[in-house]
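Good morning, colleagues. Please turn to the sequence and the structure on the screen; I shall take you through a few of their features.

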Amino acid sequence: MRNGFLRTPFGPMYSEKTGTLQTFVRKARIAHKIILCFNHEWDTRYGENVSSTHDKIQIPSISSKNTIDVYNYSLNYVRDNKIKDLSDIVMVIDEAQFFDDEIIEFCREFKKYLEINVAFLDRNYLGQPFKFRDSQRNVSELIALADYRIRTTATCSKMQLQNGIFKPCGKAATLTQLEWPVDGPHSGKVILSEEEFGEYNKYIESVEKKKSGVGDSQIKVGARDYKVRCEDCFVHPPNTSKYSIEKFYQSL
Ligand SMILES: [Zn+2]
């Protein structure tokens, strides 16, 4: 009998994706389930072998590099603990967008027999579906596979003049924008192309090298430059498509 399912909390940064996973972990603990948590090794913002919300609520989590690491750990765990019924296991994978695209096949197979909760950023800083590492495939395949989809939202922090006072926009944010650091070159300018992203990464790496003497991952050091935005406040890259709505208006 197939008891499994795939549940996917996805959304922008600061939208409680990890917090949502933790809720499922708490519920699984009440049901005396065996919980296997995985996070990507790139996410070391709050230390290794933890999955943490931005307000530092943490769950122990196995730091993994590739999908095969998740598979091998699970295989050894089930073998060593002589687990007969895979539906006793609840699996949690955080930051799935950083994994290789084999995570899609893994989820497709394992959701047949066990509960898998997988959280990820659904769109990148250009508003496009997030591609897996070194792959043209993206996280929308996980959304398509999911039995339960949860779109998590953050709160849009774009400052706006409202009745003479600057306030955050405050609408539900579904996107993550990347801006140059205010104390760097192009202060606060939105990054709207892969070329600009490359330039930004080089700058951040050089700053970090100066600071610590070693290189560091873009995710960790650049986190402060990511801003959550609602659909209205997000700045999209220039649209050259023949279906551009601006062109449509101009044709009227
Ligand atoms: Zn907004």
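How many helices and strands does the secondary structure of the chain come to? The count is seven helices and 15 strands. Please bear in mind that this is a predicted model. The mean pLDDT of the chain is 90, with 89% of residues at 70 or more. Over residues 215–221, however, the pLDDT is below 50, although this stretch has 14 contacts in the model beyond near neighbours in sequence. Where pLDDT is low, the predicted coordinates should not be read in detail.

Turning to the chain as a whole, 29% of its 252 residues count as buried. Among contacts with a separation of 6 or more, 67% are between residues 24 or more positions apart.

Let us now consider a pair of helices. Helix H2, residues 67–80, packs with helix H3, residues 102–110, at an angle of about 35°, and their axes are 8 Å apart. On the H2 side, the contact is made by Thr67, Ile68, Val70 and Tyr71, and on the H3 side by Glu102, Ile103 and Phe106. Sorted by class, this contact has five nonpolar residues, one polar and one charged.

Which residues of H3 are buried? They are Ile103, Ile104, Phe106 and Cys107. Viewed down the axis of H3, these buried residues fall within an arc of 165°, and therefore they line one face of the helix. Their cover includes H2, together with strand S1 (5–11), strand S7 (115–118) and helix H4 (140–145).

My next topic is a hairpin. Strand S11, residues 159–162, pairs with strand S12, residues 165–168, in the antiparallel sense over four bridges. Within this pairing, Gln162 has Ile165 of S12 as its bridge partner. Two residues lie between the strands of the hairpin. Asn163, in the turn, has a positive phi of about 50°, and this is a residue other than glycine.

Is Asn163 buried or exposed? Asn163 is exposed, because 5 other C-beta atoms lie within 10 Å, and the cut-off for exposed is 12 or fewer.

Tyr14 also has a positive phi, near 60°, and is likewise a residue other than glycine. Tyr14 is located in the loop between S1 and helix H1 (17–30). Tyr14 has 19 C-beta neighbours inside 10 Å, so this residue counts as partly exposed; a buried residue needs 20 or more.

Thank you for your attention.

Notes: Residues numbered from 1 in each chain as written. Predicted model: local features only at pLDDT ≥ 70, side-chain atom pairs only at ≥ 80, totals over all residues. Axes fitted to C-alpha atoms, helices over the stretch in contact; angles between N-to-C directions. Contact = placed C-beta atoms within 7 Å. Nonpolar A, V, L, I, M, F, W, Y, C, P; charged D, E, K, R; others polar. Arc of directions from axis to C-beta. pLDDT = per-residue confidence, 0-100. Pairing = 2+ DSSP bridges.
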